Amino acid sequence: MKIIIIGAGEVGHNLCTTLSASGNDVTLIEQSAKRAESLDEEQNARIIAGNGSSARQLIDVDVADCDAFLAMTSDDRTNVISCSLAKGLGAKNTIARIHDETYSDNSVINYQVHFGIDLLVNPEAICAVELAKAIRNPGRVAVENFARGQIEFQQQRVATGSRLVGKKLKDLKLDPRVRIGNILRGEVSEVAGPETVMEQGDVVTLFGYPDALFALRERFDPKQKVKEVSVVLFGGSETAISLIRLLSHPRFKVRVIEKCPEHCRTLSERFKEITVIHGDATSLRLLEEEQIGQCDYFVACTKDDEENILTSLQASKLGTPHVQVVINKGDYDQLDNILKTMLGIEVVVSPRRATAKFMQRSLSTEPFSVLAELPNGGGRILELRINHSSPCVGKTVKDIQLPIGSLFVAIQHKFKARVPAADDTILAGDRVLVLVNKEQEKDLIHRLL
Amino acid sequence: MNTTIIYKLLSMVLLALAGAFGLCIIAGLACGESFGDASLQAFLMSIGITLGLALVFHILGRKGVAKLFRREALCLIGLSWLLATVVGATPYLLIVEHCAISDAIFESSSGLTTTGATAFQNFHEFPHSLLFWRSLSQWVGGLGVVVFFVALLSSLGAGAKILFSNESSGTSADFDQGRIQRGAFHLMLYYLSISGLCTIAYKWGGMDWFQSINHAMTTIATGGFSTEPKSLEQFNSPALEWVSIVFMVLSATTFVFVIRILQQRKHVLRHTKEVVWFYGILVGATFLLSIYLVELTGELPNHDSIRTAAFQAVSIMTTTGYSSVDFDTWLPPAKMLLIILMFIGGCSGSTAGGVKVVRIVIAMKAAKRSIMHAFRPNIAIPMRMSGQLLSEQAIQNVIVFLMLLISLQIGSMLFVSANEPHLAFIGVFSTVQATLFNIGPGFDAIGPSQHFQHLRDSTKIFLSLLMILGRLELYAVMVLFVPSVWKRFS
């Protein structure tokens with residue numbers, strides 16, 4: 001596949017490495033000649049020093065016959081201009097890295113259509129989803145996110161004292177944004193039907209929108225009271241902003257420590273419900289003053305990796321039970337294990353890696369890919385790309401005969417994911433997430449593709 | 001230094017050489033030799049030795065991690081060429097009677113570096129398989145010993161890029177492809193196809209198949225080995241000379257430039273200026289040589305004299321080294337002109353040797369800028385080449401390279417002259433120039449009808465080293481002599 005990447009920052013650089021390592025023909029355009037020169041030696045790709053938002057430069061690298069055009073600079077406007085130009089010059093697939101929420105808001109004008117961008121990517125948001133996963137769902141059996149965090153998937157045990165015990169599924173009056181998938185009873189796993197009766201000790205597979213799932217939690221286990229969770233974020237970066245958005249539920253008490261006073265002001269104006277503290281978390285006095293030891297989560301998400309690692313160690317030492325770190329630089333990848341096993345950091349997230357994974361998935365031309373594998377042989381979740389020749393195109397969900405033991409988890413139509421209802425129609429170009437047992441995979445693929 | 005990866009890749013170079021020896025056996029069989037003959041026995045033995053060495057290197061390097069840094073890449077290239085030269089000398093040693101080691105090494109390095117100077121007076125009496133090896137070694141060396149597996153080993157990743165830009169005079173930036181492997185693959189495809197075309201053209205011009213294949217290989221590599229004792233003069237055929245002129249010019253033109261034209265990508269002709277200069281110099285030199293020939297013979301210019309002038313200008317400037325006449329008998333101004341053409345050489349990113357046209361042009365521009373600065377120190381003059389801005393670093397690299405090359409030439413002249421006290425000045429000068437710039441024939445004692453056999457052993461070994469230095473554009477060999485390269489920690 002021929003891929004053009006604009007911008008050799010951490011994201012572009014890492015994408016270049018992973019994409020060229022998997023055999024793609026990558027061209028990277030970087031503004032700074034110096035950076036381009038140093039990259040040329042380490043990348044098996046064509047590195048060009050130039051302006052990625054100049055049409056002449058894009059013609060020079062044959063943008064017309066590239067399969068994917070990725071604008072990955074840290075500047076939104078450059079990315080939008082480059083993508084728009086590339087689309088106009090004939091690029092097949094354009095992806096722009098965008099931080100500003102403005103461009104995802106389509107109420108006045110559809111920016112993506114207007115500028116010819118096929119996909120907006122926000123590495124910081126992807127990264128925030130990873131961070132939020134553990135904060136939002138402490139102690140879950142398995143949690144997986146699909147469609148950029150829009151759909152969550154988890155397993156719940158029906159605990160003693162739950163009012164669900166002994167009831168049929170059809171009588172439960174579940175939120176329509178939540179589905180029940182498999183029920184694991186003892187060793188046997190079966191797909192739940194409307195007549196299925198819940199029993200104590202069942203492990204139920206649930207999927208749906210995250211907040212709806214969370215609301216359901218108490219019904220499964222009444223003893224598990226919803227507690228307030230206090231989260232301290234170090235650094236008011238893009239990642240922190242996305243994370244604050246994801247944690248906008250009132251049960252999360254979010255505190256942000258930020259060095260720059262300007263940033264502090266805008267943050268506090270933008271998010272009324274959070275506390276913003278102006279200061280440097282590398283100072284022990286500040287950490288003690290803010291009683292970091294008593295909070296539940298400490299998330300170090302500044303742009304500076306060294307500060308992130310050291311302050312999180314400090315927080316861990318002060319007694320914070322859960323510590324999470326954002327690592328931006330690819331060079332520190334190999335330290336992941338040490339950070340997790342020896343230094344007690346729970347989650348290490350890197351925007352680059354998350355983006356690369358996301359990108360590889362969206363650029364993949366395979367008809368289906370495995371997104372996750374459930375524990376205890378509960379099956380796998382496949383993502384299928386529906387094309388024009390698929391037998392299921394135009395059918396509604398209830399008309400499609402899935403093999404027994406498989407079910408639809410989500411349907412993603414033009415980057416908007418939803419939990420499928422019986423009357424939803426599957427269209428060409430959709431992506432369908434299906435939970436399936438290993439033995440029935442072939443049968444399923446045969447029926448859908 | 002990561003020596004294991006070097007061992008590993010060296011063993012692959014040896015494997016490739018063993019394969020090349022195998023081809024020579026096939027060529028020998030096709031030309032009527034049999035396995036009972038001493039020549040094929042010798043080739044089998046060479047294959048055995050090569051494979052044995054390859055095995056040793058393979059065992060030494062079996063734990064190699066495919067991560068190449070600059071230091072390893074440079075050493076690898078230098079070492080592979082030295083090793084290939086030594087291994088490539090074994091067939092000569094085993095087949096030719098009373099062959100001195102220095103002669104075999106000289107012939108082998110002259111082959112691989114596409115120089116085309118010979119140390120054997122009676123090479124035309126060699127068995128066909130050995131003649132084929134002489135030509136094949138040039139064909140392999142033309143593109144580069146290492147480039148062949150840069151294209152094949154995708155596991156080398158970005159390391160392949162460093163290998164490529166150090167072995168070939170072009171850089172990886174010239175390619176339109178992102179992956180160096182694909183770029184190198186296109187290059188090989190082009191190399192193979194022009195070799196095929198050239199073979200057919202020679203056959204059509206009147207050579208037999210063996211001659212046309214051999215000459216095609218040495219023409220495309222701008223090497224200059226011939227199977228005939230008097231080079232192309234032997235055939236005395238205008239058609240063959242024109243075919244040769246066309247293909248020599250083609251193989252001294254930047255390969256990527258021609259590939260781009262073939263693919264009809266007009267908007268990225270990055271080498272236009274260099275190629276235009278190259279052709280311009282060729283036409284000018286042909287014109288001057290024709291005039292000097294008129295002066296020499298007293299005849300008005302006719303087809304023969306113009307063709308001869310063009311042939312010699314092309315053959316010398318592309319650093320091939322074929323001769324259609326004995327140009328040692330020409331007038332001094334003609335020889336002067338040829339010496340300058342030898343120095344300039346062909347385009348970068350081709351198989352030709354010499355300083356390369358692009359460097360000369362850049363150096364001239366830098367000189368012009370210095371002169372401007374002498375009387376107007378504050379004027380800002382941008383340095384461009386084919387529309388691309390040149391960085392100060394790039395200009396400095398060119399000038400340092402020129403300086404290094406010229407001082408090496410002067411130093412070598414001192415050494416050769418001391419070693420060969422009875423050689424005349426022009427002989428010493430052209431001996432060094434013909435080898436360092438990978439041309440082949442020179443003047444006087446090593447003129448087109450002469451050979452290098454009468455030189456002393458030590459001189460021949462030294463000249464072999466000079467040829468490799470010239471072919472690899474100095475650095476890859478010179479680093480091998482820097483002690484800190486070999487230290488584990490310095």
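How many helices and strands are there in chain A? Chain A holds 14 helices and 22 strands, where helices (H or I, at least four residues) and strands (E, at least two) are DSSP runs numbered from the N terminus.

## Basis of the model

This is a predicted model, in which local features need pLDDT of at least 70 and side-chain atom pairs count only at pLDDT 80 or more, while totals for chains, interfaces and linings use all residues. Residues are numbered from 1 along each chain as its sequence is written, and chains are lettered from A and ligands numbered from 1 in the order in which they are written.

## Chain A

The radius of gyration of chain A is 23 Å, close to the 22 Å from the globule rule for 449 residues, so chain A is as compact as a globular protein of that length. The radius is taken over C-alpha atoms, and the rule is 2.2 Å times the number of residues to the power 0.38. Along the principal axes, the C-alpha atoms of chain A fill a box of roughly 70 × 65 × 45 Å.

Of the 449 residues in chain A, 41% are buried. A residue is buried if 20 or more other C-beta atoms lie within 10 Å of its own, exposed if 12 or fewer, and partly exposed in between, with C-beta atoms placed from the backbone. Among contacts in chain A between residues at least 6 apart in sequence, 62% join residues at least 24 apart; two residues are in contact if their C-beta atoms, placed from the backbone, lie within 7 Å.

## Contact between the chains

In the interface, 14 residues of chain A are in contact with 15 residues of chain B. On the side of chain A that touches chain B, β2 (25-30), α2 (33-42) and α3 (55-60) of chain A each supply at least two residues. That side of chain A has four nonpolar, four polar and six charged residues. In this classification, Ala, Val, Leu, Ile, Met, Phe, Trp, Tyr, Cys and Pro count as nonpolar, Asp, Glu, Lys and Arg as charged, and the others, Gly among them, as polar.

## Chain B

The secondary structure of chain B comprises 21 helices and two strands. Its radius of gyration is 22 Å, close to the 23 Å that the globule rule gives for 490 residues, so chain B is as compact as a globular protein of that length. The C-alpha atoms of chain B fill a box of roughly 65 × 55 × 50 Å along the principal axes.

Buried residues account for 51% of the 490 residues of chain B. Among contacts in chain B between residues at least 6 apart in sequence, 73% join residues at least 24 apart.

## Helix packing around α17 of chain B

Helix α17 (residues 392-419) of chain B packs with helix α19 (residues 457-471) of chain B at an angle of about 165 degrees, their axes 10 Å apart. Axes are lines fitted to C-alpha atoms, for helices over the stretch in contact, and angles run from 0 to 180 degrees between N-to-C directions. This makes α17(B) roughly antiparallel to α19(B); angles under 35 degrees count as roughly parallel, over 145 as roughly antiparallel, 65 to 115 as roughly perpendicular and the rest as oblique. Ser412(B), Phe415(B), Val416(B) and Asn419(B) of α17(B) meet Ser458(B), Thr459(B), Phe462(B) and Leu466(B) of α19(B). The residues of this contact divide into four nonpolar, four polar and no charged.

Helix α16 (residues 357-375) of chain B also packs with α17(B), at an angle of about 105 degrees and with axes 10 Å apart. That makes α16(B) roughly perpendicular to α17(B). Arg359(B), Ile362(B), Ala363(B) and Ala366(B) of α16(B) make the contact with Ile395(B), Val398(B), Ile399(B), Phe401(B) and Leu402(B) of α17(B). By class, the contact has eight nonpolar, no polar and one charged residues.

## Helices α3 and α8 of chain B

The axes of helix α3 (residues 70-88) of chain B and helix α8 (residues 159-167) of chain B come within 9 Å and cross at roughly 45 degrees. The two helices, α3(B) and α8(B), are therefore oblique to each other. Arg70(B), Ala73(B), Leu74(B) and Ile77(B) of α3(B) meet Gly159(B), Ile162(B), Leu163(B), Asn166(B) and Glu167(B) of α8(B). This contact of α3(B) with α8(B) has five nonpolar, two polar and two charged residues.

## Positive phi values in chain B

Thr222(B), a residue other than glycine, has a positive phi near 45 degrees. Thr222(B) lies in the loop between α10 (209-220) and α11 (238-252) of chain B, and counts as buried because it has 34 C-beta neighbours inside 10 Å.

Leu474(B), also a residue other than glycine, has a positive phi near 70 degrees. Its place is in the loop between α19 and α20 (475-478) of chain B. With 16 C-beta neighbours inside 10 Å, Leu474(B) counts as partly exposed.
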